[in-house]
Every structure is written in structure tokens, then in C-alpha cells.
Amino acid sequence: ENTKEEEEVYLSNAERKRREKENDINSEYAATVSLGWLVKYGLNQPCAEATGICISCLLGIVDVSKPTTLQPVLAELIGSLLMAMSGLEPSALNYLQVRAAGNESSQGTNGANGYDRLERLRIQLASSGPIAEALNKCLDMVKFVELDAQKKLIPELDSALRKGAGFATRASTADAVTTLCNTCPAAFKFPGSSNTNPT
């Protein structure tokens with residue numbers, strides 16, 4: 001009785017390609033369903049441990065997925081990751097930063113020294129965390145997907161800039177725009193005059 005590996009040796013090229021295509025379709029569907037749930041519900045869990053597990057799963061899926069597999073959900077995934085940069089930050093950091101600014105202004109200093117140091121620390125923590133790792137991997141994939149999928153990302157970036165509550169989200173979005181302008185500038189071209197906004 002032949003094992004699976006022995007059986008695959010005897011497959012024709014056409015059959016091998018058919019099976020690869022079938023596997024790609026199945027993996028695209030699995031990634032779309034699982035990432036859709038993780039983005040919509042997983043990143044918004046009230047329990048920190050549950051959110052951590054969801055982030056871990058999300059990272060695992062992004063790690064093993066091909067750009068074509070993630071193409072249907074890539075724009076929404078990047079938008080959600082950008083919003084999560086500040087949304088998953090501990091609220092104690094914001095409290096400390098506001099207190100530092102208040103203490104320094106009441107003592108007669110300009111209030112910027114401690115505030116700025118905490119702001120830099122918050123951005124550094126956000127940019128070195130697992131969400132930033134997943135975001136960077138997704139941004140690297142954008143250049144390999146179709147132009148229509150790249151253009152779907154522009155409203156997500158616009159939304160993150162407009163609705164982002166924290167500085168980490170806005171800074172990460174600005175970095176993402178810079179990266180994408182260099183890697184896929186065609187995504188930012190739109191018909192019309194320079195005075196019209198495509199979003």
C-alpha cells in the first residue's frame with residue numbers, strides 16, 4: 001500500500017497543479033473566515049488574556065499566509081491593526097502622561113519634558129509589540145496583491161487617521177502611508193483633479 005508521499009511522486013503535473021490550486025482556495029477561505037472573526041471580535045475582547053490569545057492566533061496566520069491568501073481581507077486587517085495600536089495600550093500609560101504634564105505645568109516648567117518622554121516611550125512600546133510585527137508583515141505583503149486590493153487600503157488609512165484615538169495609531173498610520181507610497185505608489189493615484197478627495 002502506497003503512502004501519501006509515494007502517491008504524490010506519481011501525480012501528473014496537471015494533477016499536482018490542480019491540488020495546489022485547491023489547497024490555495026481552501027487556505028484563502030480559512031484565512032478569510034478566521035481573520036474576519038479575529039479582527040471583528042478578537043481584538044475587542046474585554047479580557048486581556050483573550051485578546052492576547054487572539055493576537056497570537058492572528059500573528060500565526062499572518063506568518064504562514066501568502067499575500068494572495070490574505071488579499072480579500074488585507075485592507076480591513078491593516079485598518080484594524082492600526083486602530084489596535086492605541087486601543088490595546090494600557091490605560092495607565094495615558095494616565096501617567098497626563099499626570100506628568102499636569103505636575104510639570106503646576107511647578108512652573110513647560111510640562112513638555114516628562115510628557116514628551118512618556119510619549120516617545122508609548123510609541124516605542126507600540127512599535128516593538130506584536131501588533132506592530134503583524135502590521136509590518138501585512139504592509140510588506142501589499143506590494144504583491146492586485147491594484148484593486150491596494151486601493152481598498154486607502155479608505156482604511158484615512159479612517160485610522162481620522163478616527164484614531166491615540167498617538168500610536170496616528171504615528172503608525174503615517175509610517176504605513178510612507179511605506180506604501182514607496183512600495184506601491186499606484187494605489188494612491190486616483191482620477192480627478194488634485195482638489196478632490198477620493199475617500
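Select Arg18 first. Its relative accessibility is 42%, so Arg18 counts as partly exposed. This is a predicted model, so keep that in mind as you go.

Look between the two side chains. Arg18 and Glu22 form a salt bridge, and their closest N and O atoms are 2.9 Å apart. Next, colour helix α2, residues 13-40. Both Arg18 and Glu22 lie in it, 4 residues apart, about one turn of the helix.

Why can such side chains pair up? Side chains of opposite charge can do so when their charged atoms come close.

Move on to Asp158 and Arg162. Their side chains meet in a salt bridge, at 2.8 Å from N to O. Both sit in helix α10 (residues 153-163), again 4 residues apart, about one turn of the helix. Is Arg162 buried or exposed? Arg162 is exposed, with a relative accessible area of 56%. Asp158 is partly exposed, at 22%.

Last stop: select Lys137 and Asp63. Their side chains meet in a salt bridge, 2.1 Å from N to O. Lys137 lies in helix α8 (residues 130-142) and Asp63 in helix α3 (residues 48-64), so this pair ties together parts that are 74 residues apart in sequence. Lys137 is partly exposed, at 28% relative accessibility. Asp63 is partly exposed, with a relative accessible area of 45%.

How many salt bridges does the structure hold? It holds 6.

Key: Residues numbered from 1 in each chain as written. Predicted model: local features only at pLDDT ≥ 70, side-chain atom pairs only at ≥ 80, totals over all residues. Heavy atoms only, no water. Salt bridge = Lys/Arg side-chain N within 4 Å of Asp/Glu carboxyl O. Helix = DSSP H or I, 4+ residues; strand = E, 2+ residues; numbered from the N terminus. Buried < 20%, exposed > 50% of the residue type's maximum accessible area, 1.4 Å probe, protein only.
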